[in-house]
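Hi,

Here is the structure I said I would pass on.

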Amino acid sequence: MADKSVRALAAELKNFLSAHEEEDFVSAAAQPAAAGFSRVTGQEDNTPAQPQMGPASPVLYQQVSPSRPAQHAAAVSKQPPQDTLTVVFGQAAQQHPQPVTVEKPQPVVSAPVCPPDQPPVGGTMTTEEKTAALAELAATIKNCSRCPLGDTRLNAVPGEGNVNARLMFVGEGPGYDEDRQGRPFVGRAGQLLDKMIAAMGLKREEVFIANIAKCHPMVDPQHPEKHGNDRAPNAQEIACCRKYLEKQISIILPEVVVALGGVSAKALIADAKSLGALRGKFYTLSLDNVSLPRPVKILATFHPAALLRNPGWKKDAWADLQMVMAHMGLKAPSK
Ligand code: SF4
């Protein structure tokens, strides 16, 4: 009887231990499956892990990123068991009183958030992007009424030319002809500018031509049909409009800007000096509203309209343009 009782007791004890081993395993295995774990010996898998009820060998679970390739999951199986859940049962369980070891899963670190888009500048823009950006800016200018010139213009004159121009010419503002055509430097002064550009070995289509003020400043705004009604833009008009020119420069990002005339030179280089004091040397362009990704040189010379009135100044203007040519490696066309 005693033997029978001992045997019965031993059988109950065995059943009790087996039941607890199984409960522990199921409980432990359920945790990593819910947290996105996968067996390190298998393919990447998001399905819940199934408990293995086989022989007494350790079963490892390795936390696997949802995007990590399966090969990597296999490779990491030999790494130290950080982030692992180890379940030991059967014979090993009898040797170790606490066979289930669950290390707390490490939180999944999210990929860094992409920085917000920076405003594009010419140095990183494609030709298509520059063309689109300049067209959008031109549309804005044509609807602009930031200063009183917007009320009296016939057409805004944003500017025109090569979006990848190495050289930009900047005058003070549109005149009579430009106001009618909506294009810069198309009157007599424009024809002389075309000759100056050709003398430098370039074509008009290779440069970009613009003004600081995009609308026609008139002496008598009540009579826009009158000839000789042009004037230079005043300080308020320049302050309102210069952001458009600065945006154009930042998009095109030329090597050199030539300021045509004293108004343009003083607005873009230094207000305190006369054109005579500013011309004949290079400056580094500094803009109010935009920072350029690389230095842009600026040089001042006479406005073509001033050269028409004072032909004796053409020699000095040509000397200025030759400085630009030397800086850019341009050669005058052979005659
Ligand atoms: S001159 Fe310039 S700021 Fe003034 S209305 Fe024309 S585009 Fe706008």
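Below is what I found, starting with a helix and moving on to a sheet.

First, the ground rules. This is a predicted model, where local features need pLDDT of at least 70 and side-chain atom pairs count only at pLDDT 80 or more, while totals for chains, interfaces and linings use all residues. Residues are numbered from 1 along each chain as its sequence is written. Helices (H or I, at least four residues) and strands (E, at least two) are DSSP runs, numbered from the N terminus.

Ala189, Gly190, Leu193, Met196 and Ile197 of H7 are buried (20 or more other C-beta atoms within 10 Å of the residue's own; exposed is 12 or fewer, partly exposed is in between, with C-beta atoms placed from the backbone). They cover an arc of only 110° around the axis (taken from the directions from the helix axis to the C-beta atoms), which puts them on the same side of H7. Gln191 and Lys195, on the other side, are exposed. After H7 comes Gly201, with a positive phi near 85°.

Now the sheet. It is open, with six strands in the order S5-S7-S6-S8-S10-S9 and mixed pairing (two strands pair if DSSP finds at least two bridges between them). Strands S5 (160-161) and S9 (282-284) stand at the edges with a single partner strand each, so one side of each has no neighbour in the sheet. S6 pairs with S8 (residues 256-260) in the parallel sense over four bridges, and Met168 has Val257 in S8 as its bridge partner.

Cheers
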